[in-house]
Amino acid sequence: MYSPRTPCISRADSTERARPLLGTTVSIRLEGLPRACANDAIDCGFAAVECVQRLMSFHEDASDVSRANRDALARPVQVHPQTYAVLRQAQAIAEESAGVFDICVAGRLVEWGILPPPRAAGPPDPGASWRDIELGPEYTLRFHRPLWIDLGGIAKGYAVDRAIEAIAPAGAWQCVVNAGGDLRVAGRATERVLLDAERDPGDAVAVLEIENLGVASSSGLRHRRRHGDRAAGPHVHGRTGSVIGARSFVSVIAPTCVVADALTKVVMAQRRRALPVLERHGATAYWHSQRLGWRAIGGAAPLSTEQMQ
Amino acid sequence: MRFQLLLIPPALIAPAVVQAANYLTLEQAQQAIFPGETFTPADLVLGKEQVEELLRVSRSPVLRSRVRAWKTSGGGWFVLDQVYGRDDRITYVIGIDASGAVRGIEILVCDSGYEGIRNPRWLGQFYGATHAVAGAMAGTIANISGTTLSVEHITEGVRRVLATHALYLSRG
């Protein structure tokens, strides 16, 4: 683990590194630490992300998620406390969103060819939902119907939060962890984040300014595909099983990245009806479509949308 | 915790050009993966048969016959590689320790369409536009949310580099 060295704060020092993790590029930028200190701290950040990847990957046979998908129907499966924490968070958001967010959509994603079928796991019951997952004592979970879970809609945000936590003791002046667009900012400065929604050449470019917050964005636009005569994509409505976000782009700003990541799916499916869930988490969303432009939803934190001409 | 969304007219933004997000230099990456070690260039040029063998063993495209490699003072290898995705080009390095295990992977440069926004010259055009915008946007837009680049091709690249190490470098 990282052991803090003599603090040596200076604004001029900036170190940014990136690694292929979680199926995307994860970058960590630290400011105000000499390079050697920053490298040590960034290593701790990447280690935290790697840990989440190892535990929660749908693809790796030895992950907690794969073990649960294989065995949790037959007997309680004990998982790492971090996996358990993500499952609890996912179940809470599933309940708050009345099942719009549901980690049991993996069956649909496999059917559409977006995820590979898990090895040695029986076929899922198409009617199974988050309600069929029981979180038990001592970090165990059990399924009450055949189902497959996938934490792809929440674990990336969680990994970003864990990286921020792992880096904090180093005392950097500013820290940004970005996992393929799900990011969190910690420190004293304002960060600018381009919200990379698809737009026509004449449309405004959206730039978010944030301090000490998490941001996550989701869009099905660039991943649209067909499965038979139906639209398919990486985001699925937990209750209806249909694709969501095929024509919209959503960014959620929240105190933690795990919440921002999960809530993008709720906002994509429900737009303004997601307001109670957003408010509960102190989150705000920006929703965009090429036809309607940008809309702000919620605002537990101060909200100021400026149109600069 | 504070935030606001700025909607910037595109007239104030230069056309997105292909630019690079630079993370580490080669030397910085060497020190990040193998701190304190020294590096001796040990490039390798693959013959036609070796390219075919590599393709067969790694099941990954072999884009170049020249392998940019360094031997480290601790008995490890440091290999510079580049892979191409649909919209991006990633330059990265792999550190392989003396036992053949991956010590670290670091991305050096990621070129893609919107990354131009990081470029100071791009911002220079911005500052000249209006004072109000220049004040609001002083600094850089160093982050992008919404572009999830797939790293499938890095996975392929890593497989090819590890096969190159197993077949040729470690036996060299």
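Predicted model: local features only at pLDDT ≥ 70, side-chain atom pairs only at ≥ 80, totals over all residues.
Strand 3 and strand 5 (residues 140–143) of chain A run antiparallel to each other and are joined over two bridges. In one of the pairings, A:Gln78 has A:Thr140 of strand 5 of chain A as its bridge partner.

These strands belong to an open sheet of three strands in chain A, with the order 3-5-4 and antiparallel pairing. Which strands lie at the edges? They are strand 3 and strand 4 (133–136) of chain A, each of which pairs on one side only.

I turn now to two helices. Two packed helices are described by the angle between their axes and the distance between the axes. For helix 3 (residues 81–96) and helix 6 (residues 257–270) of chain A, the axes come within 11 Å and cross at roughly 35 degrees. The crossing of helix 3 of chain A past helix 6 of chain A is right-handed. Helix 3 of chain A contributes A:Gln89, A:Ala90 and A:Ile93 to the contact, while helix 6 of chain A contributes A:Val258, A:Ala262 and A:Val266. Of these contact residues, five are nonpolar, one is polar and none is charged.

Finally, a word on confidence. Chain A has a mean pLDDT of 87, and 88% of its residues reach 70 or more.

Definitions and conventions: Residues numbered from 1 in each chain as written. Chains lettered and ligands numbered in written order. Axes fitted to C-alpha atoms, helices over the stretch in contact; angles between N-to-C directions. Helix = DSSP H or I, 4+ residues; strand = E, 2+ residues; numbered from the N terminus. Left-handed = near helix turned anticlockwise from the far one by under 90°. Contact = placed C-beta atoms within 7 Å. Nonpolar A, V, L, I, M, F, W, Y, C, P; charged D, E, K, R; others polar. pLDDT = per-residue confidence, 0-100. Pairing = 2+ DSSP bridges.
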